[in-house]
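This briefing walks through a few features of one protein model, grouped by topic. Please keep the sequence and the 3D view open while reading.

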Amino acid sequence: MHPFQYQRADSADQAVAAVAKTPGATFIAGGTSHLDLMKEDVHHPSLLVDVSALPLKQITAFEGGVRIGAGVSNTAAAYHPDLQQRYAAMSEALLAGASVQIRNMASMAGNPLQRTRCPYFRDPAQACNKRTPGSGCAAIGGYNHVHALFGASKACIATHPSDLAVALAALDARVQTTGPRTIAFPELLRLPGDTPHLDTVLEHGELITAIDLPAFAGRSHYLKVRERASYAYALVSCAVALEMDGPKIRRARVALGGVAHKPWRVGPAEALLAGQLPTEQLFQAAANAAFADAKPLEHNAYKIPMGRNLMVRALLETSGLQPMQGPAGTAFAASVGGVAGRLATPR
Ligand SMILES: Cc1cc2nc3c(=O)[nH]c(=O)nc-3n(C[C@H](O)[C@H](O)[C@H](O)COP(=O)(O)OP(=O)(O)OC[C@H]3O[C@@H](n4cnc5c(N)ncnc54)[C@H](O)[C@@H]3O)c2cc1C
Ligand code: SF4
């Protein structure tokens with residue numbers, strides 16, 4: 001690991017000033033993502049500004065919805081009774097990620113800012129435009145089974161790994177920063193274009209202070225398929241938020257994960273669902289629309305039928321046409337982390 005300076009911030013202003021004036025500086029919260037990248041020789045910050053002691057750990061009512069402080073742990077948010085009840089997809093997404101120990105350390109701001117799990121990015125011996133701009137992309141001609149179906153570029157085909165970000169995108173969450181400004185999900189995260197080294201729209205030294213969830217009176221749900229039932233990232237995932245008007249769907253929001261370098265909202269599918277009676281046939285049509293523009297790579301075409309099936313199942317379970325189920329230990333990890341997670345809520 002390269003040598004670096006460490007500074008614990010006592011206030012948001014102090015943290016922002018310390019990072020803003022030092023080009024190689026960065027924030028650190030739980031450290032569960034950032035330290036790995038430093039140990040793997042991918043990141044070489046000159047200064048780490050620790051924001052974990054800042055008073056950003058409240059979960060409060062806000063404009064009919066909820067404001068979650070940037071420093072709230074993934075565990076605290078996942079098991080918060082109001083969040084579990086009103087924003088189930090977010091709780092399920094958190095519980096479908098990482099492990100208990102990591103979730104205890106991980107923060108709500110750090111989670112969506114974690115970097116890609118593209119294996120070539122994490123191997124300094126490989127060409128990677130995201131790690132070293134201009135060096136090329138080893139994944140394009142390599143084994144690209146975990147890579148993107150949507151929004152890729154000639155410079156980078158990586159996906160974004162955060163489960164939480166997918167749920168936040170479907171729930172129309174907004175990010176508050178010291179800009180000061182409000183950023184709507186999923187605009188926080190960028191597609192690679194020809195600058196894949198830039199993951200987000202945040203400026204250097206811009207600190208996230210909170211995540212806001214707008215008022216929501218419908219049902220939401222998150223499902224994730226992964227290679228093993230625990231401690232693995234999404235191959236594909238799907239977050240659904242449905243608001244009903246009697247028996248009909250008034251508004252549907254659907255975000256896909258594991259398919260692009262940002263949560264992928266599927267506008268044409270959402271439009272198809274609005275105003276309709278929920279049926280399996282309708283959900284299949286919506287899933288077909290969602291994946292109509294997918295551009296598979298050499299090794300990831302399997303994600304298209306997998307993603308369609310997952311989206312249909314997520315819609316069936318969210319609408320109540322099919323009970324939420326899925327035996328523990330299957331690849332449908334949110335059924336493990338979500339439903340079982342909710343039953344396991346500490347009282
Ligand atoms: C083995 C393993 C398995 C995992 N599996 C999953 C999984 O299945 N699904 C999943 O979604 N995640 C998974 N994760 C990732 C985990 O969720 C993240 O590491 C964690 O959420 C990051 O939060 P943190 O607070 O530790 O961030 P840190 O590592 O401290 O920081 C991450 C980034 O966020 C920035 N940052 C932190 N706070 C702020 C702020 N307030 N404002 C601006 N920038 C900030 C940092 O500068 C850094 O760039 C896994 C991690 C590990 C190690
Ligand atoms: S896909 Fe992106 S992150 Fe992966 S090697 Fe290519 S440039 Fe790097």
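This is a predicted model: local features need pLDDT of at least 70, side-chain atom pairs count only at pLDDT 80 or more; totals for chains, interfaces and linings use all residues.

The crossing of helices H9 and H10 is right-handed.

**Helices H9 and H10**

- The axes of H9, which covers residues 280–291, and H10, which covers residues 303–319, come within 9 Å of each other and cross at roughly 140°.
- Because angles over 145 degrees count as roughly antiparallel and those of 65 to 115 as roughly perpendicular, H9 and H10 are described as oblique to each other.
- On the H9 side the contact includes Phe283, Ala287 and Phe291, while on the H10 side the residues met include Ile304, Met311 and Leu315.
- Sorted by class, the contact between H9 and H10 has ten nonpolar, four polar and three charged residues.

**Ligand 1**

- Ligand 1 is surrounded by 31 residues, of which Phe27, Thr32, Ser107, Asp163 and Tyr233 are the closest.
- A polar backbone atom of glycine 31 is 2.7 Å from an oxygen atom of ligand 1, and a backbone N or O atom of histidine 34 lies 2.8 Å from an oxygen atom of the ligand.
- A polar backbone atom of alanine 232 is 3.2 Å from an oxygen atom of ligand 1.

**Backbone features in loops**

- The peptide bond joining glycine 179 and proline 180 is cis, with omega about -5°, and proline 180 is found in the loop between strands S6 and S7.
- A cis peptide bond also leads from phenylalanine 185 to proline 186, with omega near 0°, and proline 186 is found in the loop between S7 and S8.
- Glutamate 63, in the loop between strands S4 and S5, has a positive phi near 50° although the residue is not glycine.

Note on methods:
Residues are numbered from 1 along each chain as its sequence is written. Chains are lettered from A and ligands numbered from 1 in the order in which they are written. Side-chain values use heavy atoms; hydrogens and water are left out. Axes are lines fitted to C-alpha atoms, for helices over the stretch in contact, and angles run from 0 to 180 degrees between N-to-C directions. Helices (H or I, at least four residues) and strands (E, at least two) are DSSP runs, numbered from the N terminus. Angles under 35 degrees count as roughly parallel, over 145 as roughly antiparallel, 65 to 115 as roughly perpendicular and the rest as oblique. A crossing is left-handed if the near helix is turned anticlockwise from the far one by less than a right angle, and right-handed if clockwise. Contact means heavy atoms within 4.5 Å. Ala, Val, Leu, Ile, Met, Phe, Trp, Tyr, Cys and Pro count as nonpolar, Asp, Glu, Lys and Arg as charged, and the others, Gly among them, as polar. A residue is near a molecule or strand if one of its heavy atoms lies within 4 Å of it. A polar contact is a pair of N or O atoms within 3.5 Å; within protein, one must be able to donate a hydrogen and the other to accept it, and residues adjacent in sequence count only if both atoms are side-chain atoms.
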